[in-house]
Amino acid sequence: MKNQYILALDQGTTGSRAFIFDRRGQIISSSYQEFPQYYPQPGWVEHDAEEIWRSCENVVKNAIRAAKISPQMIVAIGITNQRETTVVWDRRTSRPIHRAIVWQCRRTASMCQSPGLKPYAGLIRKKTGLVLDPYFSGTKIQWILDHVRGARVRAQKGELCFGTIDSWLIWKLTGGQSHATDMTNASRTMLFDIRKFQWDEEILKLLKVPAAVLPQVRHSGSVFGKTAAGVAGLPSGIPIAAVMGDQQAALYGQGCFEAGSVKNTYGTGCFLVLNTGQKLIYSQNGLLSTLACDDRGQPVYALEGAVFIAGAVIQWLRDELKVIQKSADSESAIKGLSDTQGVYFVPAFTGLGAPYWNSQARGLICGLTRGANVRHIIRAALESIAYQTKDVFSLLQKESGKNLRQLNVDGGACKNNFLMQFQADILDCRIRRPKTVESTAQGAAFLAGVTAGLWQGKSDLQKLFETERVFHPSMPAAKKNALYAGWQRAVKKSLLP
Ligand code: ADP
């Protein structure tokens with residue numbers, strides 16, 4: 001019993017990570033490897049799926065070695081992954097027929113605007129919960145089938161497989177025995193009806209995607225297949241017992257199993273996800289409706305909103321203005337400063353998302369007076385992360401009709417204590433920061449453990465979640481309201497007509 005471990009594989013956009021978790025839910029080792037990004041044209045982003053797989057093999061081997069355990073002691077594997085990125089491979093040879101098209105890639109923008117598709121935006125939204133956009137897998141598959149010679153005919157004959165990265169990893173780990181995906185990943189393809197939990201024939205027809213290429217869809221907490229002998233140095237027969245897209249895995253890893261629980265990941269951007277339980281809510285303000293999981297991996301609904309530039313504004317201070325040496329210096333640099341003296345920084349470098357949806361907006365620093373200095377600008381940059389989070393958080397609150405009492409945080413920038421306290425103040429909401437900020441990997445590992453029977457769902461998991469610190473709101477309402485009103489005035493100035 002003691003020698004039972006879980007392998008979590010976290011396949012991200014820039015690198016792959018493997019973690020070994022023990023029965024107490026602790027990480028005992030991890031390994032990370034980056035892989036190349038390809039930019040064949042402006043706005044296009046590709047990965048080589050074979051390179052992704054090799055990076056996964058390496059990190060799995062390295063994490064096992066670092067944990068000083070035998071691979072036989074691994075009782076289950078959990079997979080979490082960059083979502084929407086699209087791979088099409090040959091069922092017989094397992095060779096991808098094209099580079100993977102990454103979620104960031106905008107090559108199918110004109111397809112989404114075409115008369116064949118645009119009129120169906122409402123239908124797509126109703127069925128899939130998503131906005132018609134190149135971000136999602138649907139048009140990316142169509143593009144590959146249109147641009148690789150003979151691909152569409154071969155797809156119809158069942159000779160090709162489509163998958164998001166989770167499916168590709170399941171396929172490789174099982175030696176081609178299993179072509180499967182989970183509901184959270186399926187809900188990002190723009191082909192999956194999240195009301196009926198099945199692929200939608202009407203949308204498949206619209207996008208000219210033959211059903212024969214699609215993976216089988218399972219609940220996130222199912223057995224997706226078992227390892228083939230020798231793959232990534234693993235013995236045969238280890239079950240892949242959990243699969244979730246990265247944001248949904250983070251939600252799970254934060255223990256957000258109930259309707260009304262919400263998390264925010266503070267990375268390059270911010271990703272807020274709210275569990276809405278059995279209720280499918282359609283946003284009026286461009287938030288996405290998507291599938292997440294309860295403690296047993298069964299589907300629940302969620303609302304998702306993103307902030308494009310969050311930690312990235314701190315990188316900008318570091319790399320372009322060169323006023324700090326590393327991101328963590330943003331906290332020490334402003335020690336003792338009580339406010340920004342009216343300075344606001346709107347980091348609309350790539351336009352603004354919800355609730356503004358203005359792609360023409362551009363960044364600005366305003367409210368400068370003779371006494372303003374670089375420390376005020378640094379503080380204003382940190383505050384902008386909190387204000388943008390509030391913009392989305394308020395929408396989540398409004399559209400779900402829930403009074404959100406606690407925000408669970410993770411991601412690189414959540415280590416910043418100033419930012420977390422300011423966030424609690426501006427939201428007027430408690431902030432909970434867990435000990436493990438690797439929520440994504442933790443989610444995949446914990447659900448795999450539940451499926452494998454190591455833990456009995458919520459009651460056991462709750463004992464494993466450890467809180468590092470709670471930030472309580474303490475700012476007087478009048479001050480908070482005045483600060484936020486100032487932010488909204490600043491945002492108005494950044495919106496170009
Ligand atoms: P991603 O997964 O998007 O690459 P991470 O979760 O690794 O992001 O977080 C990295 C981001 O967090 C960077 O943008 C960095 O500037 C920011 N960051 C890291 N530490 C801090 C800190 N102490 N204060 C503010 N921002 C930070």
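This is a predicted model: local features need pLDDT of at least 70, side-chain atom pairs count only at pLDDT 80 or more; totals for chains, interfaces and linings use all residues.
Start with the backbone at Pro-355. The peptide bond that joins Ala-354 to Pro-355 is cis, and its omega is near 0°. Pro-355 sits in the loop that runs between strand S18 (344-346) and strand S19 (364-366).

Two residues other than glycine have a positive phi. One is Phe-197, where phi is near 60°. Phe-197 belongs to the loop between strand S10 (192-193) and strand S11 (198-199). Its relative accessibility is 33%, so Phe-197 counts as partly exposed.

The other is Ala-232, which is not a glycine and has a phi of about 55°. This residue is placed in the loop between strand S12 (216-218) and strand S13 (240-245). Ala-232 has a relative accessible area of 3% and is therefore buried, since buried means under 20%.

Turn next to the cysteines. The structure contains zero disulfides. A disulfide requires two cysteine sulfur atoms within 2.5 Å. For Cys-112, the closest cysteine sulfur is that of Cys-105, and because the two sulfurs are 11 Å apart, they are too far from each other for a bond. Cys-112 is also buried, at 3% relative accessibility.

Cys-293 is likewise in no disulfide: the nearest cysteine sulfur belongs to Cys-256 and is 12 Å away. With a relative accessible area of 3%, Cys-293 is buried.

Conventions
Residues are numbered from 1 along each chain as its sequence is written. Side-chain values use heavy atoms; hydrogens and water are left out. Helices (H or I, at least four residues) and strands (E, at least two) are DSSP runs, numbered from the N terminus. Buried means under 20% relative accessible area, exposed over 50%, partly exposed in between (1.4 Å probe, protein chains only).
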